[in-house]
Structure formats: structure tokens, C-alpha cells
Amino acid sequence: MTLLAVTLFATAGYLFLLRDGGGPPQARTPAAAGALEDSSTAPLASAGTAPSPLAVRLDGAADPIHIDFKKPPKAALVFDLDTGQVLWRREPTKVLPIASLTKMMTALVVVDRVPEGAKVKITNEALRYTGSGVGVLPRGKWIGVNTMLHGLMLPSGNDAAIALAQRAAGGSEKRFIRYMNEKAQQLGLQCTRFSTPSGIKDKGNHSCAADLAAIARAVMLEPRLTKIVKRRQAVLPFPIKGGRLWLYNHNPLLRAGYPGTTGLKTGYTDAAGRCIVATARRGPIKLGVVLLDSPDPGKQAMQLLDRGFKASGAA
């Protein structure tokens with residue numbers, strides 16, 4: 001119901017924004033918001049007011065976390081998954097390439113458009129992928145969408161991204177990218193533009209830490225996805241020799257056994273650097289961290305989450 005209200009408001013022609021650090025709300029038309037595509041920093045960012053209930057709150061008081069990294073990430077955010085409260089920020093509206101963090105939106109659109117239990121065909125286009133992949137997808141076979149979502153989110157399969165995009169958009173990867181950008185508009189995202197379902201291309205594919213936090217909050221509201229992104233590994237029935245597909249999550253927090261890790265997604269290209277959106281829970285407190293172009297995303301994410309849980313009284 002909340003997301004429906006977002007859609008209706010966006011189609012009415014306005015997106016409400018609040019200046020980072022405070023200031024009066026302003027309205028922008030979708031055409032004006034699109035001008036951010038060529039900007040290195042978004043001048044305005046959503047502040048959690050309608051029509052963007054999943055947006056993080058950039059209009060609050062001083063951040064409760066204080067930390068100085070010798071080699072800081074290019075942009076970052078620590079936030080409460082439930083309330084959107086920001087606990088720490090660094091250039092939260094700086095527009096940057098996001099590599100495979102793109103796949104969070106791909107997963108959201110697939111869940112919107114492909115029912116649970118449906119099958120996904122492994123197309124020739126999917127097998128011509130570049131970069132990371134599941135790598136053993138059998139040409140022409142129909143694979144369960146749940147298995148393919150595991151292949152998308154755990155090993156960050158670009159082959160899975162292409163196959164899922166085609167399945168969700170009637171065979172057209174281009175149409176699927178349009179769906180991704182429509183979803184971004186519905187969510188009130190102001191830094192974000194997609195040009196690929198996988199994130200392998202950097203040109204025209206970008207976001208910012210604040211928008212990625214909103215996407216993460218949307219992902220963590222989808223039970224079909226939360227069951228997947230919290231898994232360190234998965235063994236799934238699959239039509240290959242041996243009948244089983246073994247998949248391993250790239251998330252360094254899960255691999256290190258960081259307490260309470262619940263997700264979410266990593267990414268890397270030369271232009272984007274090493275990126276992560278990580279989520280964790282301790283008791284009733286659920287936190288997320290976004291790091292873009294970090295020298296050590298696993299270590300920095302764990303340090304920030306430790307500080308965040310302490311500041312929230314959950315450490």
C-alpha cells in the first residue's frame with residue numbers, strides 16, 4: 001500500500017526533496033530529476049518524506065557515529081533499516097558507478113514481475129555474458145526463478161542477470177532496464193539511473209549511498225529475497241551432471257561470520273571500485289551500511305556496524 005502511494009504521487013509529476021543537511025523541501029519534476037545523470041553530485045536528495053517512505057533521513061541532527069578512516073570510502077552511509085535514521089555519512093548524495101550493487105534493483109523488479117515457482121530460460125544472450133557468472137547455466141533449459149535469484153545475488157552472476165531480465169520483460173533486456181528506471185522513479189530515487197541489469201557497464205549506470213540505502217530497505221522487505229541474501233552458501237537442484245548447483249556468497253561479512261549478518265550485496269568494477277551494501281541485526285536493531293569505492297569494504301563495514309550498534313544501544 002505504501003509503494004502504491006509512491007507510484008501515484010510520482011505519476012502526478014512531482015518528487016519532494018530536502019537539501020542534504022536540512023533546508024526547506026522543494027519539488028522537482030521527473031524531467032528535472034533526470035538531469036542528475038551527468039552530475040557528479042546530486043544537489044538534492046530525498047529525506048524520507050512522501051512520496052519516498054523508504055528514503056533515509058538526511059535532515060536529522062549530527063550523526064551519532066564518529067570515525068575517521070585513514071583511507072576512507074569515496075561515499076558511505078550507516079542507517080537504521082526500520083526507521084531510515086542516518087547514523088553516519090560521507091558524501092551520501094555523490095553520484096558514482098555502483099557495479100553489481102545494481103543487482104539489488106534487478107532482483108526487486110524480477111520479484112515484482114516473475115511469480116514464485118516460475119521458470120527462467122537460459123538464453124544464448126545470457127551465455128554471452130562477461131565478468132562474474134554462475135558459469136554452468138545449461139543452454140536452452142528452464143530453471144526455477146528462485147535458483148536463478150540465488151545465482152544473481154550470491155555469486156553475482158551476470159549470466160543470471162541477463163536471463164532473469166529477459167524472462168521478466170518478455171525477452172527484452174532493453175525493456176527490463178526501462179522497468180528498472182521506472183521502479184527507481186517510483187521509489188523517489190534522485191541519484192539513480194540504470195543502463196544494465198548486471199552492473200557490468202559503468203556508463204549511464206550510477207547511484208549514490210542514500211539511494212542505495214533506500215533500495216536496500218526495499219530488498220529487505222521482500223521475503224523471497226531476504227531468504228537468499230542471508231545465506232553464506234546454497235546447494236540447489238540443477239540440471240547438470242551431479243544434479244546439484246553449489247553457490248557461494250561474495251559477502252565478506254557472511255564469509256567472516258560477522259554476528260547477525262542478514263545480507264546483502266557486493267560489487268566491483270575498475271570504475272566503481274570495491275563496493276558493498278551490508279545489513280545486520282542485533283536484537284530489535286537492524287542496521288545497514290553502504291560503502292562505495294572502499295579500500296576494504298568488509299573491514300570498514302564491520303567497523304561501522306560495530307559503532308552503529310553501540311550507538312543504538314544494541315552492542
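Axes in this tour are lines fitted to C-alpha atoms, for helices over the stretch in contact, and angles run from 0 to 180 degrees between N-to-C directions. The structure is a predicted model, in which local features need pLDDT of at least 70 and side-chain atom pairs count only at pLDDT 80 or more, while totals for chains, interfaces and linings use all residues. Residues are numbered from 1 along each chain as its sequence is written, and side-chain values use heavy atoms, with hydrogens and water left out.

**The whole chain**

Of its 315 residues, 55% count as buried, where buried means under 20% relative accessible area, exposed over 50% and partly exposed in between, with a 1.4 Å probe and protein chains only. Contact means heavy atoms within 4.5 Å. Among contacts between residues at least 6 apart in sequence, 62% join residues at least 24 apart.

**Helices α3 and α5**

Select residues 103-113 for helix α3 and residues 145-153 for helix α5. The two pack at an angle of about 170 degrees, with their axes 10 Å apart. They are therefore roughly antiparallel to each other; the classes are roughly parallel under 35 degrees, roughly antiparallel over 145, roughly perpendicular from 65 to 115, and oblique for the rest. Display the side chains of K103, M104, T106, A107, V110 and V111 in α3, which meet V145, L149, L152 and M153 in α5. The residues of this contact divide into eight nonpolar, one polar and one charged. In this division, Ala, Val, Leu, Ile, Met, Phe, Trp, Tyr, Cys and Pro count as nonpolar, Asp, Glu, Lys and Arg as charged, and the others, Gly among them, as polar.

**Helix α6**

Next, select residues 158-168, helix α6. Ten of its eleven residues are buried, so α6 is largely enclosed by the rest of the structure. The buried residues are N158, D159, A160, A161, I162, A163, L164, A165, Q166 and A168. Their packing partners are α3, β6 (119-121), α4 (124-127), α5 and α7 (173-186).

Two backbone positions may be inspected here. S156, in the loop between α5 and α6, has a positive phi of about 60 degrees although it is not a glycine; it is buried, with a relative accessible area of 3%. G170, which follows α6, also has a positive phi, near 60 degrees.

**R113 and Y179**

Select R113 and Y179 together. The charged end of R113 sits over the ring of Y179, 3.4 Å from its centre. The criterion is that NZ of Lys or CZ of Arg lies within 6 Å of the ring centre and within 35 degrees of the ring normal.

**W142**

Move to W142, in strand β7 (residues 142-144). At 51% relative accessibility, W142 counts as exposed. Leaving aside residues up to four places away in sequence, W142 touches K119, V120, K121 and R167. W142 and K121 are 21 residues apart in sequence, yet 4.3 Å apart from C-alpha to C-alpha.

**F69 and W88**

A search of the whole structure finds one aromatic pair. The ring centres of F69 and W88 are 5.9 Å apart and the planes stand at 85 degrees, so the pair is edge-to-face. Rings of Phe, Tyr and Trp (its six-membered ring) pair if their centres lie within 6.5 Å, and planes under 30 degrees apart count as stacked, over 60 as edge-to-face and the rest as tilted. F69 lies in the loop between α2 (30-34) and β3 (75-80) and W88 in strand β4 (residues 86-90), so the pair ties together parts that are 19 residues apart in sequence. F69 is buried at 15% relative accessible area, and W88 is buried at 8%.

In the loop between α2 and β3, select also A61. A61 is exposed, with a relative accessible area of 66%. Its C-alpha atom is separated by 9.9 Å from that of Q85, 24 residues apart along the chain.

**Further backbone details**

Most residues other than glycine have a negative phi, and most peptide bonds are trans. A99, in the loop between β5 (96-97) and α3, has a positive phi near 50 degrees; A99 is buried, with a relative accessible area of 1%. Finally, select G263 and L264, where the peptide bond is cis, with omega near 25 degrees. L264 is placed in strand β11 (residues 261-269).

How values were computed
Helix = DSSP H or I, 4+ residues; strand = E, 2+ residues; numbered from the N terminus.
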